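Welcome, and take a moment to look over the sequence and the model before reading on. The paragraphs below walk you through some of its features, one place at a time.

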Amino acid sequence: MYLTSRLPRLYVRTAQFLGTSTSRFNSNAGAVEERIEIPNRIQRSPTDILNALASTVGRDPTAPHYKYHDDPYLIPMSNVGKRTFAMSQEAGRKAAKYIRDEHRDVFMHQEAQPPIEAFAPKMIFTEDSEVNTDTLHLLIRNSQVTDAVIVYNLLKQKGVEISNDSKQEILELICFYNNEEPLPEELIEERWFKANADARERNRKTWKDGELAEQLFQELEPKTARSYAAIIRGMSKYFQAERAYALLQEATEKQFELDTQTFNAVISVSNFLKETADQRWELCRDLLQQMAHQQLRPNLGTLNAALEVVSTFGNFKLARSSALKVLAEFKQLGIEPSLGTYYYLLIIFCRDRAPVSHIIVDILHELKGREFTIQHPKDTFFFATAMDVCRNHLHDKTLARNVDELLHTGNNYDLIGDTYKEAVYYRHFFALLCQTEPIDEFMKVYDLLVPNVYIPEPGIMEEILKAVEMNGAVELMPRFWSDMVIFDHTNRESLLTRTLQILIDNPPNNDLPAHQSLPEQVGKIALDIYQKIADPEGRRPKDLQFSGKMIGDILALLVRSGNFEKANEVFTHIDKNQHRIPGTPSENCLQEYVNACIENKAPTQAIVCLQYAVENNMDAQPIAESINAGFTLNEVHLSKVKSLVGENLVGK
């Protein structure tokens with residue numbers, strides 16, 4: 001208001017000043033009049049200022065996601081924890097809404113002016129509710145499917161005349177949501193998990209036959225192209241493909257001019273209508289010709305729908321040739337591909353049982369340095385699929401780096417998709433890097449992204465341990481063991497076995513500065529593994545049990561770290577539970593334990609170890625010789641040794 005009132009006066013004063021200046025300084029009679037042009041107002045969105053501020057900061061991979069509380073105790077450090085924290089936060093919102101709706105009499109006050117409808121309790125409609133068509137329009141506009149259906153039925157029962165436009169609006173609402181109440185937009189995490197669950201059931205028809213949508217369509221008279229479009233799109237979206245195609249043909253016979261989006265919906269489910277690849281391709285071409293006959297211009301949705309059909313072809317030669325024809329045809333029409341288009345090209349050309357294709361090289365060359373915005377639902381599938389191709393199809397780390405560079409260009413990271421797709425992307429990226437990069441280069445990426453951006457799954461952690469083993473980087477094992485504990489991976493037998501194997505095969509080198517404190521750390525790791533498996537309080541996973549090799553490695557590592565007391569405890573467990581432990585420790589592990597017994601002057605424990613070796617049909621001669629040479633045995637010990645290995649093997 002202040003700026004508006006000041007602008008006219010400012011303009012008048014400026015004009016007066018300019019007039020005075022012109023008469024004073026311009027002696028020419030035809031002086032040019034100067035004016036100030038106030039620029040037109042630029043429409044800004046509510047988040048433009050926040051976006052401008054965020055662009056000055058950039059993405060910080062060392063900080064947790066904003067959806068988690070910035071508190072060390074409340075920052076999740078495992079994939080299960082991330083999901084639990086995110087879902088529990090939304091569960092709290094849902095609980096608050098439940099309380100608000102159940103006790104609406106307490107929340108009838110309005111603090112905000114004007115009132116905020118989203119904060120008010122929802123209306124409850126019963127048979128006695130006073131409703132009209134305005135109520136129905138409001139519910140349709142707010143996408144409240146259940147309440148809209150209730151109000152529609154109430155209006156019919158009360159004999160209120162409902163216009164065809166209102167019937168058309170509720171038909172479109174029901175067809176879009178399949179007569180189910182949608183999840184609120186603010187429940188982002190739940191929507192993502194539901195979308196992933198629905199994607200796994202994408203081949204299953206979920207359209208509700210014979211319900212209100214079809215009844216409304218039958219009641220609409222006269223039918224219009226808009227009513228046909230609504231029912232066809234709804235059936236196509238929920239995979240009632242046959243009836244959607246039949247209604248499309250019916251509308252065409254009645255000379256209705258359907259729109260491009262309706263044809264796109266039917267094209268996308270063509271693979272449900274025909275069995276063979278040739279039949280699907282022929283049907284797709286027929287639908288495109290029908291569009292041309294009705295003078296409908298295809299769009300990006302048409303291109304991606306056609307490629308989606310082509311991606312279902314079992315014949316990879318026909319799929320590749322058809323995809324190139326479609327792409328060339330739409331290029332002539334001036335339709336620019338989106339990331340979703342390139343996603344379909346990748347799954348068409350880079351199949352598991354098809355010849356190797358390097359189409360991703362051309363795609364990345366085309367996309368390099370470009371910034372994208374969302375144009376199609378499949379755009380968010382591109383980056384995870386591209387990284388999958390780099391890892392499993394081509395095994396090329398350079399291409400993987402190029403994909404990652406494209407992802408971090410501008411705001412392209414917004415197109416990585418939900419949390420699940422982000423985890424898939426980095427799963428492939430980490431697996432490829434730890435197999436192809438030197439361990440030092442890989443650790444730079446690991447330190448940057450773990451744990452706030454990505455937490456390695458057990459399978460990827462095993463690949464990382466393989467890389468450590470291959471590079472002999474045993475000094476990194478305390479770091480990785482600490483991460484495995486935090487990430488809740490210590491219940492995986494394969495990871496524990498490989499960790500112990502690396503520590504056994506790569507003893508610390510005391511000449512290296514990085515290995516000075518390593519023996520003590522290795523001993524702590526071995527003891528930690530032992531305590532987690534031998535937990536007497538029932539916290540141990542049921543499927544995690546000692547094997548002979550595993551507990552033998554623990555015994556040897558404790559001996560090497562100088563923790564003879566705990567080594568005795570472990571061997572006592574081995575001896576008492578040998579009938580429960582599958583397999584036996586290796587002879588080298590037992591020999592190291594006997595040597596430690598000699599150093600610590602513990603002949604009784606050494607003889608118990610010898611007895612264990614004899615009872616399990618192991619080569620006991622080296623152990624007996626070590627005991628005989630390392631101890632001055634008394635008569636009791638000597639007779640025990642002779643009874644185990646015989647007098648010939650024991651010299652005096």
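## A guided walk through the model

Across the interface of domain 1 and domain 2, three residue pairs are found in polar contact, with both residues at pLDDT 80 or more. A polar contact here is a pair of N or O atoms within 3.5 Å; within protein, one must be able to donate a hydrogen and the other to accept it, and residues adjacent in sequence count only if both atoms are side-chain atoms. On the side of domain 1 that touches domain 2, the elements giving two or more residues are α25 and α26. By class, that side has eight nonpolar, four polar and three charged residues. For these classes, Ala, Val, Leu, Ile, Met, Phe, Trp, Tyr, Cys and Pro count as nonpolar, Asp, Glu, Lys and Arg as charged, and the others, Gly among them, as polar.

A word on how to read all this: the model is predicted, local features need pLDDT of at least 70, side-chain atom pairs count only at pLDDT 80 or more, and totals for chains, interfaces and linings use all residues. Residues are numbered from 1 along each chain as its sequence is written, and side-chain values use heavy atoms, with hydrogens and water left out.

Let's stay with the two domains. Domain 1 covers 480-585 and domain 2 covers 587-651, with bounds that come from an automatic or database domain assignment. Their C-alpha centres lie 24 Å apart. Where they meet, 15 residues of domain 1 are in contact with 16 residues of domain 2, contact meaning heavy atoms within 4.5 Å. How much area do domain 1 and domain 2 bury between them? The figure is about 1,400 Å², 67% of it on carbon and sulfur atoms. In domain 1, F564, F571 and P585 lose the most area to domain 2, together 42% of what that side buries. Buried area is the accessible area (1.4 Å probe) that two parts lose on being put together, summed over both.

The interface of domain 1 and domain 2 also holds one salt bridge, a term for a side-chain nitrogen of Lys or Arg within 4 Å of a carboxyl oxygen of Asp or Glu. Elsewhere in your tour of charged pairs, look for E592 and R560, which form a salt bridge with their closest N and O atoms 3.0 Å apart.

Next, find N563, in the loop between α25 (548-560) and α26 (564-576). Helices are DSSP runs (H or I, at least four residues), as are strands (E, at least two), and they are numbered from the N terminus. N563 counts as partly exposed because its relative accessibility is 27%; buried means under 20% relative accessible area, exposed over 50%, and partly exposed in between (1.4 Å probe, protein chains only). Not counting residues up to four places away in sequence, N563 touches L527 and L558. The C-alpha atoms of N563 and L527 are separated by 9.5 Å, although the two residues are 36 apart along the chain.

Now for salt bridges in the whole structure, which holds 28 of them. Side chains of opposite charge can pair when their charged atoms come close. K94 and E190 meet at 3.2 Å, N to O. That pair links distant parts of the chain, with K94 in helix α3 (residues 79-102) and E190 in helix α7 (residues 188-200), 96 residues apart. K94 is partly exposed, at 38% relative accessibility.

R233 and D259 form another salt bridge, at 2.3 Å from N to O. R233 lies in helix α9 (residues 225-237) and D259 in the loop between α10 (241-253) and α11 (260-268), so this pair ties together parts 26 residues apart in sequence. Both residues are partly exposed, R233 with a relative accessible area of 33% and D259 with 30%.

Finally, visit helix α15 (residues 339-349), where 10 of the 11 residues are buried. Among the buried ones are Y342, Y343 and Y344. Back in helix α3 you will find R100, which counts as buried because its relative accessibility is 13%. Leaving aside neighbours within four places in sequence, R100 is in contact with F107, A118, F119, A120 and P121.
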